[in-house]
Amino acid sequence: MTRGANEGNKDDINLLNYYTNQLHLFAQMCLDRQYLAINNISKQLDLELILRCISDEELTPGLRASFCRMVLHMHIDRDPQEHVSPIRYARLWSRIPIHNTIEEYDNHLRDELCDGRQAEWDIVMYKPTMHFVENYLHNIAISQGLNFSDSNQNKLTYEVVNLARYLVHFGFYGFKELLRLTKMLLVILDSEDNNEDKKNEKQS
């Protein structure tokens, strides 16, 4: 079907658009933890299946973006996840150590926020999703010639970045991992600024 759509087959294009819009509808039905929809749809679309579809580069970026939205609203933004801050700006003076490493900071933060066993299980469960997000952003970051003229690819990139944002807010990334993720995003933004400068130079 995807090959046919890429070759211009109208029936395949229409069918692909149907599936994309249907997934978008399912994601909207699950928005803001609507458990009537989540509990029914998740029986057919488990996390592993959706992640395989997101990672399949033969699918169109628009369809992969719809699957990405499904992961967020059906499997990640749900109980028992709660928003946490990976960086504590206000702390008791007595709890601030004289010497501290990033690893010690992460461990201390996780102990404060939730039960260690539950947090470890959640991280293991969503590790493949985190791995996909980092790989996708890393591939964009190392593609220095990348431009954002492809609107369909931009939709997928937006959904991946949005997925990363929620994973950070729910405390899946430690401080060290957050620094690595931030560095990749900054490289992507910097490469886009360089591309814009080159375009302006050519026009002038």
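Which backbone oxygen lies 2.6 Å from a polar atom of the side chain of Ser42? In this predicted model, that atom is the backbone oxygen of Ile38. Ser42 itself is placed in the loop that runs between helix 3 (35-41) and helix 4 (47-55). Its relative accessibility is 18%, and because buried means under 20%, Ser42 counts as buried. Apart from its neighbours within four places in sequence, Ser42 is in contact with Met74 and His75.

The discussion now turns to helix 2, which comprises residues 10-29. Which residues of helix 2 are buried? They are Asp12, Leu16, Thr20, Leu23 and Ala27. When one looks down the axis of helix 2, these buried residues fall within an arc of 70°, and therefore they line one face of the helix.

The backbone here deserves attention. Most residues other than glycine have a negative phi. Asp32, however, has a positive phi, near 60°, and the phi of Arg33 is likewise positive and near 60°. As for accessibility, Asp32 is exposed, with a relative accessible area of 59%, whereas Arg33 is partly exposed, with a relative accessible area of 22%.

Asp77 lies in the loop between helix 5 (61-76) and helix 6 (102-113). Is Asp77 buried or exposed? Its relative accessibility is 8%, so Asp77 counts as buried. Leaving aside neighbours within four places in sequence, the residues in contact with Asp77 are Arg33, Leu72, Tyr166 and Phe170.

Pro80 is also found in the loop between helix 5 and helix 6. Most peptide bonds are trans. The bond from Asp79 to Pro80, by contrast, is cis, with omega near 5°.

Tyr166, one of the contacts of Asp77, belongs to the buried residues of helix 9. Helix 9 (residues 151-169) has 19 residues and reaches 27 Å from its first C-alpha to its last, close to the 27 Å expected at 1.5 Å a residue. Its buried residues include Leu156, Val160, Leu163 and Leu167, and among them are also Thr157, Glu159 and Asn162. At the start of helix 9, a side-chain oxygen of Asp150 comes to within 3.1 Å of the backbone nitrogen of Asn152. Just after helix 9, Gly171 takes a positive phi of about 80°.

Finally, the cysteines may be considered. A disulfide is a covalent bond between the sulfur atoms of two cysteines. How many disulfides are counted in this model? With a cut-off of 2.5 Å between cysteine sulfur atoms, the count comes to zero. Cys53 is buried, with a relative accessible area of 19%, and Cys68 is buried as well, with a relative accessible area of 1%.

Methods:
Residues are numbered from 1 along each chain as its sequence is written. Side-chain values use heavy atoms; hydrogens and water are left out. Helices (H or I, at least four residues) and strands (E, at least two) are DSSP runs, numbered from the N terminus. Buried means under 20% relative accessible area, exposed over 50%, partly exposed in between (1.4 Å probe, protein chains only). A polar contact is a pair of N or O atoms within 3.5 Å; within protein, one must be able to donate a hydrogen and the other to accept it, and residues adjacent in sequence count only if both atoms are side-chain atoms. Contact means heavy atoms within 4.5 Å. The arc is that of the directions from the helix axis to the C-beta atoms. The expected span of a helix is 1.5 Å times one less than its number of residues.
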